[in-house]
Amino acid sequence: MTSEPDRAEAVGHAPVLLEQVVAALAPAPGETVLDATVGRGGHALELVRRIRPGGTLIAIDRDRGNLEFAGARLAAVFDILPPAVETEIGSPDLGPPLRLVHGDFGAMDEITTSRRARVDCMLADLGVASVHFDDPERGFSFRFDGPLDMRLDRSRGATAAALIDSLSESELAEAIRLLGEEPFAARIARKIAQARESAPISTTSKLAELVREAYGPRARRSRMHPATRTFMALRIAVNDELGSLARLLAAISAAAEAIATGTASWLAPGARVAIVSFHSLEDRAVKHAFASLADRGLATASRRPIEATAEEVAANPRSRSAKLRIATVGVPASTRS
Ligand SMILES: C[S@@+](CC[C@H](N)C(=O)[O-])C[C@H]1O[C@@H](n2cnc3c(N)ncnc32)[C@H](O)[C@@H]1O
């Protein structure tokens, strides 16, 4: 298994819980794998190696640059030229074993139904890739000055600057508190509301400066950069990350229900689903969705998440908060309770 820690810098992201994801999904030759968040292709590479010969990968990402980067890496494994990037609504007639879909996994029904896809393994590795934080132009990081954008898909939606401009002070405080788990959310929202009266907040450095001011002398005592939680909250809000996850979980649930009634669905009977989350609200949503499927006899699901080993956390600190949950949908009727 190539865990690629030494190449992560060149690739722009180190896949987390790689061995555990591959073991849980157990892809076999000829199967169809759907990577809902292909990112830089780290997980997908290992999955694809196991579905050859035959086998199809449907790779989705909201970030076109990541999708194209992963597409080039993956095409080499399939020994084909990188295929053209498709939109969410695709044709069932295209033949290549690698499909690159620029879109939101929240539109899973449209993505899979239009392609008549039948998926044996699905992975969603939520959030952003390391490469997002390294590009000042994307506006995800307070480490550099750049435009306050934060959109994963730069072809649609409102930027973080526009969101900050449009929300009321109390809505801002609520978003920063809930999505960032930031104890000084109200203070930060007040600072932002005061500052935007004289000029729009359009850069990462301006926002970071305002958060620092809101923290006051506490900023020096804070273990992490005071703006960490505020930036995370805005990123989640800008991309409606919880909304997309809720729609994905609803699509998985609907597919499991369809399998139970013998109706065709985008997930094949016995399909394995793996979701890696990095935020407590995301993990809670996945945990409840999988538990509900298990309680209704529609899936078997792990009750406890799989977490990174101390070795992985040491090599890749980002893996510290990763939680992997797995469900197998369409449990044969004989094994249902
Ligand atoms: C943690 S990275 C995935 C890394 C990937 N597993 C790898 O090994 O390189 C998450 C990726 O998901 C994408 N993403 C986040 N939310 C998405 C959504 N709702 N739909 C599609 N892609 C999404 C991001 O653009 C990012 O590239």
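This is a predicted model: local features need pLDDT of at least 70, side-chain atom pairs count only at pLDDT 80 or more; totals for chains, interfaces and linings use all residues.
Which helices do the buried residues of α12 pack against?

**Whole chain**

Start with the protein chain in cartoon view. Its secondary structure comes to 15 helices and 8 strands. The radius of gyration is 21 Å, close to the 20 Å that the globule rule gives for 337 residues, so the chain is as compact as a globular protein of that length. Along the principal axes, the C-alpha atoms fill a box of roughly 60 × 45 × 40 Å. Buried residues make up 48% of the 337 residues. Take the contacts between residues at least 6 apart in sequence: 64% of them join residues at least 24 apart.

**Two domains**

Colour 8-130 together with 240-335 as domain 1, and 154-238 as domain 2. The centres of the two domains, taken over C-alpha atoms, are 31 Å apart.

**The ligand**

Now select the ligand and its surroundings. The shell holds 23 residues, and the closest are Pro15, Thr37, Gly39, Gly42 and Asp63. Two elements give two or more residues to this shell: α3 (42-51) and β2 (56-61). By class, the shell has 7 nonpolar, 10 polar and 6 charged residues.

**Helix α3**

Stay with α3. This helix is mostly covered, with 8 of its 10 residues buried.

Step past the end of α3 to Pro53, in the loop between α3 and β2. A cis peptide bond joins Arg52 and Pro53, with omega at about -5°. Most peptide bonds are trans.

**A stop at Ala26**

Select Ala26, in the loop between α2 and β1. Ala26 is not a glycine, yet its phi is positive, about 40°. Most residues other than glycine have a negative phi. Ala26 is partly exposed, with 13 other C-beta atoms within 10 Å.

**Helix α4**

Next, pick residues 64-78. This is helix α4, with 15 residues; from first C-alpha to last it reaches 20 Å, close to the 21 Å expected at 1.5 Å a residue. Its buried residues are Asn66, Leu67, Phe69, Ala70, Gly71 and Leu74. Their cover includes α3, β2, β3 (85-86) and β4 (98-102).

Asp79 follows α4. Find Asp79 in the loop between α4 and β3. Its phi is positive, near 60°, in a residue other than glycine. Is Asp79 buried or exposed? Asp79 is exposed, with 8 other C-beta atoms within 10 Å, and the cut-off for exposed is 12 or fewer.

**Helix α12**

Finally, select residues 228-238, helix α12, where 10 of the 11 residues are buried. Show Arg229, Thr230, Phe231, Met232, Ala233, Leu234, Arg235, Ile236, Ala237 and Val238; these are the buried ones. Here is the answer to the opening question. The buried residues of α12 pack against α7 (160-166), α8 (169-180), α9 (185-196), α10 (204-215) and α13 (241-260). End the tour on Asp240, which follows α12 and has a positive phi, near 45°.

Conventions. Residues are numbered from 1 along each chain as its sequence is written. A residue is near a molecule or strand if its C-beta atom, placed from the backbone, lies within 6 Å of it. Helices (H or I, at least four residues) and strands (E, at least two) are DSSP runs, numbered from the N terminus. Ala, Val, Leu, Ile, Met, Phe, Trp, Tyr, Cys and Pro count as nonpolar, Asp, Glu, Lys and Arg as charged, and the others, Gly among them, as polar. The expected span of a helix is 1.5 Å times one less than its number of residues. A residue is buried if 20 or more other C-beta atoms lie within 10 Å of its own, exposed if 12 or fewer, and partly exposed in between; C-beta atoms are placed from the backbone. Two residues are in contact if their C-beta atoms, placed from the backbone, lie within 7 Å. Domain bounds come from an automatic or database domain assignment. The radius of gyration is taken over C-alpha atoms; the globule rule is 2.2 Å times the number of residues to the power 0.38.
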